[in-house]
Structure formats: structure tokens, C-alpha cells
Amino acid sequence: LIAELEMAKSISDEARRRAEEANLAKSRFLASMSHELRTPLNAILGFSEAMNAEVFGPLNNDHYKTYAGDIHESGQHLLNLINEILDLSRVEAGKYELREEPLQLSAIVDDCMGLVRLKADAKSIKIEARTQAGLPKLVADEKSLRQIILNIVSNALKFTPTGGEVTI
């Protein structure tokens, strides 16, 4: 019995050591990928801002200015997703702190709708928000709340057939 307990403890210790090594490898990978993804993404954001502002002259086509805005908006969304992945890693490590503050839910819903409008247009899906006027502010972590809304709306768009309707 003692030999079996010692063997089980040894196996448990080895499994814990491997799990800790895997967690450290994941943290290193996330830190490295964060840097590798953010560097070109910041360039994309900067170039799209310069194009949208027509810093080097007019774009001569309104579609290009719209595309530059779309590129910037999509790049900003991707940067936010990268930050959220890092936040999840912090949550797992017990190092994530919520920043609760009073928020106007309708404003956040409107912002999120702007981010998914292209996806809705691509599938000819009508998307609208119906928020009640005069609602009190919601106390929440803004970044988390935005991600919740984006996830729900993205899933709604994903599973709504072409020509359908999504209402928030």
C-alpha cells in the first residue's frame, strides 16, 4: 500500500511539473505572438489612418476612403481580440482585474453594431438595435461587455440565413 501511494504521488508530481511547464510555454508563446502580431497590425492601422485622412493627397475614389476606414476598423477589432486573448491568459493566471464603471449600454451596442455591419451587409442581413430610452447606466467592465455583445451578435449573424434579420 505504501509503495502504491508513493508511486501515485510520484506520478502526480510528474503530471504537475509537466502542466506547469506547458503553462509556462503557453505564456511565452502568447507573449511572443502578441508582439509578432501587434507590430504589423500597428503599421496597418497607421497606414489606413493616413489613407483615410488623405495625408499624401486625395484618394480620387470614395470607395478607397471607405475601404481605408474598413481596414482600420477591422485592424482595430483584431488588435482588441489579441488583447482579449492575453486577458484570458491573465484570467487563467488569476491576474486579471475587472474595471467596473457605469456604462451606457445603448452606446456600446451601437459601437458593436458598427463593427459587425460589414458582415451583416455581406449576407444581406438587416441588423438593428432596439434599446429603451432612459435606461440607467450599467455597472460593468467595458471591454468584457463589448466582447460579450460582439460574440452574441457575431453568432446571430453566423446562424442567420442570407436575407434574414438580427435585432439586438
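Predicted model: local features only at pLDDT ≥ 70, side-chain atom pairs only at ≥ 80, totals over all residues.
**Exercise 1. Find which residues Gln147 and Glu84 touch.**

Step 1: If residues up to four places away in sequence are not counted, Gln147 touches Leu81 and Glu84, a contact being heavy atoms within 4.5 Å.

Step 2: Glu84 is located in helix H2, and with 15% relative accessibility Glu84 also counts as buried. Under that sequence limit, Glu84 touches Lys143 and Gln147.

Step 3: Glu84 and Gln147 are 63 residues apart along the chain, and their C-alpha atoms are separated by 8.4 Å.

**Exercise 2. Describe the aromatic pair of the structure and the positions of its two residues.**

Step 1: The structure holds one aromatic pair, and its members are Tyr64 and Tyr67, at 6.5 Å centre to centre and with 70 degrees between the planes, which is edge-to-face. Rings of Phe, Tyr and Trp (its six-membered ring) pair if their centres lie within 6.5 Å, and planes under 30 degrees apart count as stacked, over 60 as edge-to-face and the rest as tilted.

Step 2: Because Tyr64 and Tyr67 are three residues apart in helix H2 (residues 62–92), about one helical turn separates them.

Step 3: Tyr64 is partly exposed at 47% relative accessibility, and Tyr67 is partly exposed with a relative accessible area of 47%.

**Exercise 3. Examine the phi values of Glu54 and Asn60.**

Step 1: Most residues other than glycine have a negative phi.

Step 2: Glu54, a residue other than glycine, has a positive phi near 55 degrees; Glu54 sits in the loop between helix H1 (2–52) and H2, and is partly exposed with a relative accessible area of 30%.

Step 3: Asn60 is not a glycine either, yet its phi is positive at about 65 degrees. Asn60 is found in the loop between H1 and H2 and is exposed, with a relative accessible area of 72%.

**Exercise 4. State which elements the protein chain has, and explain how the radius of gyration relates to the globule rule.**

Step 1: There are four helices and four strands in the protein chain, and from the N terminus on they run α-α-β-α-β-β-α-β.

Step 2: The radius of gyration is 23 Å, well over the 15 Å that the globule rule gives for 168 residues, so the protein chain is more spread out than a compact globule. The radius is taken over C-alpha atoms, and the rule is 2.2 Å times the number of residues to the power 0.38.

Step 3: The C-alpha trace spans about 80 × 45 × 35 Å along its principal axes, and buried residues make up 20% of the 168 residues.

Notes
Residues numbered from 1 in each chain as written. Heavy atoms only, no water. Helix = DSSP H or I, 4+ residues; strand = E, 2+ residues; numbered from the N terminus. Buried < 20%, exposed > 50% of the residue type's maximum accessible area, 1.4 Å probe, protein only.
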